[in-house]
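Here's a quick briefing to read with the model open beside you. Have a look at the fold first, then come back for the notes.

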Amino acid sequence: MDARLDMFEDVNTSPSLEGDMSIPGKRRTTTTATAQNGVPDYNTLDEPIRETVLRDIRAVGVKFYHVLYPKEKSSLLRDWDLWGPLVLCTFMATILQGSSSADSMSDNGPEFAQVFVIVWIGAAIVTLNSKLLGGNISFFQSVCVLGYCLTPVALALIICRIILLSTQTRFLFFLRFVTTTLGFSWATYASFIFLGQSQPPHRKPLAVYPIFLFFFVISWLVLSHN
């Protein structure tokens, strides 16, 4: 009998499970440690669609800014997404694709699908190489960084496309070459700033070489587009 009483006493005196149940239609207060540290609270179940879309657009814009001014090394790695890379890849593939008319033999540029495959397969190969070298970064984080770092190359493509509107001369070709080289160099530099910290120090050159080739191939497509 005493044993049974002790058993029930242990049950009654055991600590209860406590938690926080959110109520539908009521916003959560940002009193958690995460919200206090400045990280946004991503509870969007009761958030207007307009606010969600605007917040995502602002987040993409911030990532573009960090690529153009690569000072904060963890911004792209912490909150990764693939919206920016998808927009850049679609934009560049649309401009770089060759003419679809059968009687136009002068434009032998790549097709839309070819550019799309080069970008995404190339990013996947660079990411796989980074993982095999012991990099402490996830697959989608690396693809996100490589995709966003296409921003300087895309800007170079826009400038080259504007230059192509006039009659081509050697000077204009040299101007296109310089513009493409600057975009290529800036994209490679920004990628190294973001991805270099995830590689072992003695293997960073092996990780940079595929990144160099990745942006070199895309930059060559930009320069050869006529």
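Let's begin with helix 5, where Gly84, Pro85, Leu88, Cys89, Met92, Ala93 and Leu96 are buried (under 20% relative accessible area; exposed is over 50% and partly exposed is in between, with a 1.4 Å probe and protein chains only). Seen down the helix axis, these buried residues fall within an arc of 150°, so they line one face of helix 5 (the arc is that of the directions from the axis to the C-beta atoms). This is a predicted model, where local features need pLDDT of at least 70, side-chain atom pairs need 80 or more, and totals for chains, interfaces and linings use all residues. Residues are numbered from 1 along each chain as its sequence is written, and side-chain values use heavy atoms, leaving out hydrogens and water.

**More on helix 5**
- Helix 5 covers residues 83-96, and its 14 residues reach 20 Å from first C-alpha to last, close to the 20 Å expected (1.5 Å times one less than the number of residues).
- Trp83 and Val87 are exposed, on the face turned away from the buried side.
- The buried residues of helix 5 pack against helix 3 (49-68), helix 6 (112-132), helix 7 (139-148), helix 8 (151-163) and helix 10 (204-224).

**The whole chain**
- The protein chain has 10 helices and zero strands (DSSP runs numbered from the N terminus: H or I of at least four residues for helices, E of at least two for strands).
- Of the 226 residues in the protein chain, 35% are buried.
- Taking contacts (heavy atoms within 4.5 Å) between residues at least 6 apart in sequence, 70% join residues at least 24 apart.
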